[in-house]
Structures are given as C-alpha cells and as structure tokens.
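Student: I have a structure open and would like to go through its side-chain contacts. Can we take it piece by piece?

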Amino acid sequence: LLEKDSGTEYAPITYKTEPDAVQGSRRQARLSGGIVIPPSAFSPAAVPSGAKGVHVADLKAYVNASSIGGLACPYPKQRMRVYYNDLPAVLARDPNVEGGTLHAPWRYAGYGSATPKNETVLLLNDSATGARWQAASSAPGADLWMHGFWRYDWRDTFIKVAGIQKAGSSSYAITRDAATPPQYPWKAGCRFYAVNALELLDAEGEYFIDSRAMKLYFSTGDKPLDGEVSVSVLPAVLQVKGANHTKFENLSLSMAQLDAVSISQASHLHVTNCTIADAGIACLSLSGSN
C-alpha cells in the first residue's frame, strides 16, 4: 500500500475481518506469504542417513528458483522456510532438536570439545560428530553451514563451512569460508550446530531444500504425511509505505521470508488485535512511522 492508498483524518481506511455467525469477532481472515505443496506432489525418498519416513517433492511446478534463497552471514537475508500444519519445520541439522520439534530444547556441539586453532580453523574434539559433518561437507554440491554463539550468548552468526579434515585420532579441523566470519571472534567452549545438508536429515519434522534440483525433502518419521506442507515464498505479507490514516484490525498475517508486516513513512496507522507469526526477520517492522 502506497501514499495513493491513504485515507484521511475524517475517513480512515480500515482492513478488517468481518464477524461471522459461528465465531463472531474471534474469527481472523488469513493473509499468507506461503503456498501449499499438495500431498500428491510428494513421494517416498531415500536419504544418506537411512532415515525412514522421508518424502520428496519437486518444487519447480509451484515456485520460482529465485524464491528459494539461502543462508547468509551473519543472518539469512531471504530464505524459503517450511511449515507443517502451520507449525515451523526444522532445517536439517546436527545435533538434532531434542524431541524432534522446533518447540523443544535445542542441542549444540562444541562446549568443552571446541578449541580455535586460528581465525578460520576450529578444532572439534568429537570424533562421531566430526565424522558426520565431514561426510555432509564433502557430498556433491554441499552447502554446509554452522550456526552458533561463537563468543557471547547474545550474538549468534551463520558461518559457511569451507572444509572439514581429520586432525587427529579423535578431532576434526573445521575451516570456515573466509568471507563468513563470526560477528565476534570465536573462543574455546563456544556452542554451535551444523545445518543445511541432506546428510543431516534424520529426524521427524526436519526438512532440506536442494536449491539446484529444486526439490523439497521432508521427514514425518514413523508417521504418515497426512498434514499440510507449506513453504514461504513472499518477502512480506503486508508492506505499507506512505499510506496514512490506515487501520488493520483482527487479521492473521504469516509466513514471510523477511518482515511479515513492514510499515514505513506512514502516520496515523493502526495495527490492532492482529496475529502476526512466522517471519524470517521481524514480525512487525516500524520505520519512520507514527
């Protein structure tokens, strides 16, 4: 919505959900930046981990390649995410999320087994984890990243893995891409996990997107694929730039790759009783607005 979409002080424009006979004002019309990938698009898939219950879908018929995006340092700027029954799925990672869902405690590698060798090489004294990550980083077309808290527990960074080599009987040397440094130099005892490799897809609720082949892999574990799989494709659900005297009431806005609702250069604008969720960056971004 631009300046030409403005209301006036005496005649503001309101976008809202009309009450219905069943739910009354509790009902919320939904605006989504995602699309549904139908169950018919999925077929059983074999993955390197040997995990069962993995399904694969060809995304070419549903999305453009430009909408897939990817990871970036320090944070992803634009990246497709996956949702199952409107709940966020987990990008394939190791260690797995405890319990297999995004809402369970996250687990990390590192701690006492992580020692920096220099600014670009980190030694991981964990042979089992190092071997899994080395296999993931050396696979054809690998795009393995690490996400972690490299110095402070309030500052995380995504780092691209350039290579992983055995450095001893029980340790591995992880070399980061020189162009993706942590925001603060890493230190001994930092915590992190590996992410974004098909080789790491081994738990219920995890997914991986092969951006080259445009294929989506999703695991339901020992359960059937009987829910709705959605992917985010739009940068934002609602963008307002200069549309003054505008109101948004009782709406549901979700599944954006960047800010779900972005408002800038607007005055006398109200967002009231709305549910805003599943944003790539911010749910509600306000800039230069009143």
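Tutor: We can go through ring pairs, charges over rings, strands and salt bridges in turn. Keep in mind that this is a predicted model.

Student: Rings, then. How many aromatic pairs are there?

Tutor: The count comes to eleven aromatic pairs. One of them is tryptophan 150 with tryptophan 186: the ring centres are 5.7 Å apart and the planes stand at 65°, so the pair is edge-to-face.

Student: Where do tryptophan 150 and tryptophan 186 lie in the chain?

Tutor: Tryptophan 150 is in the loop between strand E15 (145–149) and strand E16 (157–166), and tryptophan 186 is in the loop between strand E17 (172–176) and strand E18 (191–195). The pair therefore ties together parts that are 36 residues apart in sequence.

Student: Are tryptophan 150 and tryptophan 186 buried or exposed?

Tutor: Both tryptophan 150 and tryptophan 186 are buried. Tryptophan 150 also pairs with phenylalanine 192, with ring centres 5.1 Å apart and planes at 15°, so that pair is stacked. Here too the link is between distant parts of the chain: tryptophan 150 is in the loop between E15 and E16, phenylalanine 192 is in strand E18, and they are 42 residues apart. Phenylalanine 192 is buried, as is tryptophan 150.

Student: Which residues do ring pairs link into a cluster?

Tutor: Trp106, Tyr108, Phe149 and Tyr193 are linked into a cluster by ring pairs.

Student: And charges over rings: what lies over the face of tyrosine 193?

Tutor: Arginine 93 does, at 3.7 Å from the ring centre. Phenylalanine 149 has a charge over its ring as well: the charged end of arginine 191 sits there, 4.3 Å from the centre.

Student: Arginine 191 again, then. What does the side chain of arginine 191 meet in a salt bridge?

Tutor: The side chain of arginine 191 meets that of aspartate 153 in a salt bridge, at 3.3 Å from N to O. Arginine 191 is in strand E18 and aspartate 153 in the loop between E15 and E16, so the pair ties together parts that are 38 residues apart in sequence.

Student: How do arginine 191 and aspartate 153 come out on accessibility?

Tutor: Arginine 191 is buried, with a relative accessible area of 17%. Aspartate 153 is exposed, with a relative accessible area of 56%.

Student: How many salt bridges does the structure hold?

Tutor: The structure holds eight salt bridges. Among them is aspartate 86 with arginine 30, where the closest N and O atoms are 3.1 Å apart. Aspartate 86 is in the loop between strand E8 (82–84) and strand E9 (87–88), and arginine 30 is in strand E2 (residues 29–32), so this pair ties together parts that are 56 residues apart in sequence. Aspartate 86 is partly exposed, with a relative accessible area of 37%. Arginine 30 is partly exposed, with a relative accessible area of 41%.

Student: What does aspartate 94 form a salt bridge with?

Tutor: Aspartate 94 bridges to arginine 132, with the closest N and O atoms 3.2 Å apart. This links aspartate 94 in strand E11 (residues 93–94) to arginine 132 in helix H1 (residues 127–137), 38 residues apart. Aspartate 94 is buried at a relative accessible area of 7%, whereas arginine 132 is partly exposed at 40%.

Student: Change of topic. Is E17 enclosed or open?

Tutor: Four of the five residues of E17 are buried, so E17 is largely enclosed by the rest of the structure.

Student: Which strands pair with E17?

Tutor: Strand E14 (residues 121–124) pairs with E17 in the antiparallel sense over four bridges. In that pairing, leucine 123 stands opposite alanine 173 in E17. E16 is joined to E17 by five bridges, and those strands also run antiparallel. Glycine 163 stands opposite threonine 175 in E17. E16 and E17 form a hairpin, with five residues between them.

Student: Last one, on the surface. Which residues form a nonpolar patch?

Tutor: Tyr152, Trp154 and Tyr184 do, with about 330 Å² of accessible area together. Tryptophan 154 is in the loop between E15 and E16. At 54% relative accessibility, tryptophan 154 counts as exposed.

Definitions and conventions: Residues are numbered from 1 along each chain as its sequence is written. This is a predicted model: local features need pLDDT of at least 70, side-chain atom pairs count only at pLDDT 80 or more; totals for chains, interfaces and linings use all residues. Side-chain values use heavy atoms; hydrogens and water are left out. Rings of Phe, Tyr and Trp (its six-membered ring) pair if their centres lie within 6.5 Å; planes under 30 degrees apart count as stacked, over 60 as edge-to-face and the rest as tilted. Helices (H or I, at least four residues) and strands (E, at least two) are DSSP runs, numbered from the N terminus. Buried means under 20% relative accessible area, exposed over 50%, partly exposed in between (1.4 Å probe, protein chains only). A charge sits over a ring if NZ of Lys or CZ of Arg is within 6 Å of the ring centre and within 35 degrees of the ring normal. Patches are made of residues with over 30% relative accessible area and no salt bridge: like charges are joined within 9 Å, nonpolar side chains (Val, Leu, Ile, Met, Phe, Trp, Tyr) within 5 Å. Accessible areas come from the Shrake-Rupley method with a 1.4 Å probe; for residues, only the protein chains shown count as cover. A salt bridge is a side-chain nitrogen of Lys or Arg within 4 Å of a carboxyl oxygen of Asp or Glu. Two strands pair if DSSP finds at least two bridges between them.
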